[in-house]
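This briefing is for a reader who is new to the structure shown below. Please look it over first, then read the points by topic.

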Amino acid sequence: MASDPVDVLIVGAGASGAAIAWSLLETRMRILCLEQGDHLQDSDFPSRRDDYELARYAEFSCDPNVRKLKQDYPINSEGSCITPVNWNGVGGSTINFLGHWPRMKPSDFRTRSLDGVGEDWPLDYHDLAPFYDMNDANTGVSGLGGNPAYPDYTPPLPPIPIGKLGQTLAMGFNRLGWHWWPSDVAILSLDHDGRQRCVNAGTCDLGCAAGAKGGTNFTYWPVLENAGVELRTNARVREILVDRNTGLAKGVLYHGSDGQVHEQRAEMVVMACNGVGTPRMLLHSTSRLFPDGLANRSGLVGKNLMFHPLTGISGVFDEPMKGHEGPMACSILSQEFYESDPSRGFVRGYGLHSGRSTTPMTYALGGFGIDDPIPWGAEHREIMDNVYPYLAGLTVVTEDLPEEHNSVTLDPELTDGDGIPAPRISYRLSENTRAMLKHGEDRANEALLAAGARRILPNDSDKVWRRAGWHQMGTCRMGNDPKNSVVDGWGRSHDVKNLFIVDGSIFVTSGAVNPTATIQALALYIGDRIKTNIGNLFD
Amino acid sequence: MADFPMPPKERHLLASILDQLIPGSCERNIPGAGETGVADYLAHVAARRSRFDTALRRLLARASELADGIDSDAIRRLEQSMPMEFAELLTETYKGYYSRPDMRAKVGVGAHPVHPSGYEVAQESAEFMDSLVEPVRARGPFYRDPSKAGGGRDGERSG
Ligand SMILES: Cc1cc2nc3c(=O)[nH]c(=O)nc-3n(C[C@H](O)[C@H](O)[C@H](O)COP(=O)(O)OP(=O)(O)OC[C@H]3O[C@@H](n4cnc5c(N)ncnc54)[C@H](O)[C@@H]3O)c2cc1C
Ligand code: SF4
């Protein structure tokens, strides 16, 4: 079955799909977005239930292999120490993301020139800066201007409270003379744009029933749907089709809500399926012209997968830290060890994030992203009564460098509910990352002690958090050289001139910050380039 | 919840195991997991997940053979002899116990569902924040900007 052709076909209604649709609105082109999941209904938010924490281990797990909802596709991550996590539905992973919103830094775009590793991006911080600002305004970002770790900018809303925990840690950093700053967050500190401010519920991974978190289900999609963008839900794309005469993309095949396979024609196809979902689709779209997968003449589709490997250190303080009150990942961020320093024994760097502590069940089960329950018996009682309430922690979030062997391929056996091959992840930590994690743990110890911790909880430094593949980048990277990259400097495939990619897969390097502010700024930038070049777009 | 048909003897046995896994505290008036009826929660899970059902039945069968009754040594032996089943029981016990609002409150977390009311967290005043970040601001720019003139190290200040 074929539907009417459209001008722009976007695959994926998450962070990047929404942002590019918004950017292209003014062109008056006919825009259609196909999304394999659905809208989240008001009754779906578990945080309105007494037993809300249970949802984190069932239908609201961030791990699709645990959720196993109809719209989810399984991910084989047996060959990886980190498993990718996500949400599939309108809003994409901004449904369960934590709203931490740091920008990448100028040096992140020039790692090859500055530090001799990774590759330089075909654009830089200053190219993106106006799009960061535009996206912050659309999203409703809160933070404190004047952070000396960045070129000057000011978030549109004042910071959210950093709370007792943030204040305590900040004083520790001040004692050491180290950088820290209140986190930028895609969370409303004030009522804004018809949305309610954050009520400090602390369960941002369970969706935000208040609508305070800047998921695109609350920010872009209501605007887009009002403006006439068609969002077709329960529509899972299985393959991108190519015209064998022109070599251009001509549309997609997708499984509709009626269980049938449909063909949708389009002038332009934009992939926004996340750093795992997009390479999966491209690798599955083989043809005589592209036997190794669409847009894959470089051989780099699915290669160079980057996460942000992380570990956490906790200190026990004398007073209750009330870490469960307030957005769970966002309080303060130190970038003291972000830039390269050869004396440290590794290249590039990391951030020290003060996540707040979590709710009792999650703590007892090992923490967010960890499956390692705390001890039972008398020790359990002691920990829950005398440790848990007094905890403050720091998370070491490291920059992951691109390495070709870290990859997404198609699993030869595992498939989703529509028979499409599942992605298979091969990933291992580099020695550089291990050195960074160790350094970060030691510095986090120091900071916690300086903040007044009476003791530091022991940490198994060989382990990174497994269920923490929140950020998926690099698998279709940008670049000027078609031999060494999948898309050009404005997200257009080198091989297929009307195919664009706008999600985290186009990152060249990962920085050591959460990526979504940059993913959306990039999508807006690409939208802007498309508009500028509209006259000769496919030349 | 009579999901998992459990004779009173087995239910009693399970409750004693649970009280060992999460003991109560008389001092703080906190009941253990056995006392709070976590067994009902486990029965509910067992009725829905056959793997857990099997694990639970096997653990109970083994526990009932323990001659000296249920104390922490007995539980440790159970853990060593059936590690997979034990791990499942522990996970579900923690879930059952801490999904109870009253148990959350005992460890300092609100009993209420967190939406819509959330928590009241005082907003720091602008003056307080300014004083807190003052030492950081005083250090000046703290990043490398390769696009700036002067070989790209313009914004850099080493810590
Ligand atoms: C638990 C968690 C916490 C996180 N916390 C943060 C944070 O604090 N800060 C931050 O910056 N980032 C965070 N992230 C990451 C952030 O959510 C992602 O970076 C961001 O959402 C990626 O945007 P995207 O557009 O690339 O993909 P997504 O937002 O994931 O959207 C992709 C969409 O494509 C759809 N799709 C995929 N394949 C198909 C197909 N074949 N057909 C149709 N539709 C398809 C999916 O259903 C999905 O809706 C977090 C993520 C998670 C899971
Ligand atoms: S803490 Fe704030 S942002 Fe997070 S879910 Fe609650 S209201 Fe939403």
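This is a predicted model: local features need pLDDT of at least 70, side-chain atom pairs count only at pLDDT 80 or more; totals for chains, interfaces and linings use all residues.

By this rule, to what number does the count of salt bridges come over all chains? The count comes to 39.

**Salt bridges**

- R348(A) and D115(A) form a salt bridge in which the closest N and O atoms are 2.7 Å apart.
- R348(A) sits in the loop between strand 10 (332-334) and strand 11 (350-353) of chain A, while D115(A) belongs to helix 3 (residues 111-115) of chain A, so this pair ties together parts that are 233 residues apart in sequence.
- R348(A) is buried, with a relative accessible area of 0%, and D115(A) is also buried, at 18%.
- D115(A) forms a salt bridge with R144(B) too, with the closest N and O atoms 2.9 Å apart.
- A network of salt bridges links D108(A), D115(A), E339(A), R348(A), E399(A) and R144(B).
- Another salt bridge joins R280(A) to D416(A), where the closest N and O atoms are 2.8 Å apart.
- These two residues are 136 residues apart and link distant parts of the chain: R280(A) is in helix 7 (residues 274-284) of chain A, and D416(A) is in the loop between strand 13 (407-415) and strand 14 (421-427) of chain A.
- R280(A) counts as buried because its relative accessibility is 3%, and D416(A) is buried at 5%.
- In chain B, the side chains of R49(B) and E88(B) meet in a salt bridge of 3.5 Å, N to O.
- R49(B) lies in the loop between helix 2 (38-48) and helix 3 (50-64) of chain B, and E88(B) lies in helix 5 of chain B, 39 residues apart.
- R49(B) counts as partly exposed at 33% relative accessibility, whereas E88(B) counts as buried at 14%.

**Interface of chain B and chain A**

- The contact takes 68 residues from chain A and 60 residues from chain B.
- Between them the two chains bury about 5200 Å², with 63% of it on carbon and sulfur atoms.
- Four salt bridges are found across the interface.
- The count of residue pairs in polar contact between the chains is 30.
- On the side of chain B that touches chain A, the elements giving two or more residues include helix 1 (8-21), helix 4 (72-81) and helix 7 (126-138) of chain B.
- The residues on that side of chain B divide into 31 nonpolar, 16 polar and 13 charged.

**Nonpolar cores**

- The largest nonpolar core has 88 residues, and W121(A), W221(A) and I530(A) are among those with the most contacts inside it.
- Helix 11 (residues 516-532) of chain A supplies the largest share of this core, nine residues.
- Leaving out residues up to four places away in sequence, I530(A) touches I20(A), L24(A), M268(A), W490(A), F500(A) and L537(A).
- A second, separate core has 61 residues, including L391(A), I30(B), L66(B) and M82(B).

**Chain B**

- Chain B contains seven helices and zero strands.
- Of the 159 residues in chain B, buried residues make up 45%.
- Of the contacts in chain B between residues at least 6 apart in sequence, 54% join residues at least 24 apart.

**T27(A)**

- T27(A) is in the loop between helix 1 (15-24) and strand 2 (31-34) of chain A.
- T27(A) counts as partly exposed, at 25% relative accessibility.
- A polar atom of the side chain of T27(A) lies 2.5 Å from the backbone oxygen of L24(A).

How values were computed: Residues are numbered from 1 along each chain as its sequence is written. Chains are lettered from A and ligands numbered from 1 in the order in which they are written. Side-chain values use heavy atoms; hydrogens and water are left out. A nonpolar core is a set of buried Ala, Val, Leu, Ile, Met, Phe, Trp, Tyr and Cys residues joined through side-chain atoms within 4.5 Å. Buried means under 20% relative accessible area, exposed over 50%, partly exposed in between (1.4 Å probe, protein chains only). Helices (H or I, at least four residues) and strands (E, at least two) are DSSP runs, numbered from the N terminus. Contact means heavy atoms within 4.5 Å. Buried area is the accessible area (1.4 Å probe) that two parts lose on being put together, summed over both. A polar contact is a pair of N or O atoms within 3.5 Å; within protein, one must be able to donate a hydrogen and the other to accept it, and residues adjacent in sequence count only if both atoms are side-chain atoms. Ala, Val, Leu, Ile, Met, Phe, Trp, Tyr, Cys and Pro count as nonpolar, Asp, Glu, Lys and Arg as charged, and the others, Gly among them, as polar.
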